[in-house]
There are 2 protein chains.
Amino acid sequence: MRPVFKIWLENNGKVFGEGPLEILQKVEKMGSLRSAAAQMGMSYNKAWRLIAALEERLGYHILEKRVGGASGGGSKVTSNAQQLMKRYSDFKEEAAIMLEKLYYKHFEDFEGD
Amino acid sequence: MRPVFKIWLENNGKVFGEGPLEILQKVEKMGSLRSAAAQMGMSYNKAWRLIAALEERLGYHILEKRVGGASGGGSKVTSNAQQLMKRYSDFKEEAAIMLEKLYYKHFEDFEGD
């Protein structure tokens, strides 16, 4: 056996987890919500609504317009959202290590296994 | 914000988590899988298939026939399964405390919150 977990953040509903992290990582890489959504097989409209819902629950913007540049336009991740992504990732990574250890503490001498 | 998590055990598929724990707790209390299923609004057939699938993945029995007694029959939780329930519960409880602490470590000075 092995432990599996999901962890997310709530604030009057789900505000951050694997899905939002993945979208924002793609926006960071591709510079556009439209391209990020397309790569995830999600409609732009759905992605936009998801971002808007997250922003409402978080109380701050997670995307802002990218001004100028050769392609002119697109989106970038706000500094608040970058912090959130980093902290959530670090939190999750450390949680995985701790849960693995904790699992062995509780199950290493389990006879049923 | 607050962290929320789900944790379960896998072994060639999901083998134990909140759902199985709840059914087995009710079997322990009521002495019968039929009564436990009814209380959870689940058909006896579905409950029985769920138990059989768990047993196959775990490789040991989790229910056994209760012999005799005034009501004659019913089910009881095997000693292996009792151990599994206890360890999973303790694991989950300690995980909740650790994750709460870990969340504060990563988010207490988060400006976006």
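Trainee: Through which surface do the copies meet, and what percentage of the interface residues of chain A are also interface residues in chain B?

Mentor: Please keep in mind that this is a predicted model. The copies meet through the same surface, because 100% of the interface residues of chain A are also interface residues in chain B. Chain A contributes 29 residues to the contact, and chain B contributes 29 residues as well. On the side of chain A that touches chain B, the elements that give two or more residues are β1 and α4 (79-107) of chain A. The most comes from α4(A), which gives 14 residues to that side. Sorted by class, the side of chain A that touches chain B holds 18 nonpolar residues, five polar residues and six charged residues.

Let us now turn to the strands. β1(A) pairs with strand β1 (residues 2-10) of chain B in the antiparallel sense, and nine bridges connect them. Within this pairing, I7(A) has F5(B) of β1(B) opposite it. Strand β1 (residues 2-10) of chain A is also joined to β2(A), by two bridges, and these strands run antiparallel. Here L9(A) has F16(A) in β2(A) as its bridge partner.

Taken together, the strands form an open sheet of four, in the order β2(A)-β1(A)-β1(B)-β2(B), with antiparallel pairing. At the edges stand β2 (14-16) of chain A and β2 (14-16) of chain B; each has a single partner strand, so one side of each is left without a neighbour in the sheet. On average, neighbouring strands of this sheet are turned by 60 degrees against each other, if direction is ignored.

In general, two copies of a chain are related by a rotation about an axis and a shift along it. In this model, chain A is superposed on chain B by a rotation of 180 degrees with 0.0 Å of shift along its axis, and the RMSD is 0.0 Å. The two copies are therefore related as by a two-fold rotation axis. The C-alpha of K6(A) is the one in chain A nearest the axis, at 2.6 Å from it.

To return to your request, the copies meet through the same surface, and β1 and α4 of chain A are the elements that give two or more residues to the side of chain A that touches chain B.

Conventions
Residues are numbered from 1 along each chain as its sequence is written. Chains are lettered from A and ligands numbered from 1 in the order in which they are written. This is a predicted model: local features need pLDDT of at least 70, side-chain atom pairs count only at pLDDT 80 or more; totals for chains, interfaces and linings use all residues. Two strands pair if DSSP finds at least two bridges between them. Axes are lines fitted to C-alpha atoms, for helices over the stretch in contact, and angles run from 0 to 180 degrees between N-to-C directions. Two residues are in contact if their C-beta atoms, placed from the backbone, lie within 7 Å. Ala, Val, Leu, Ile, Met, Phe, Trp, Tyr, Cys and Pro count as nonpolar, Asp, Glu, Lys and Arg as charged, and the others, Gly among them, as polar. Copies are superposed by least squares on the C-alpha atoms of residues with pLDDT of at least 70 in both.
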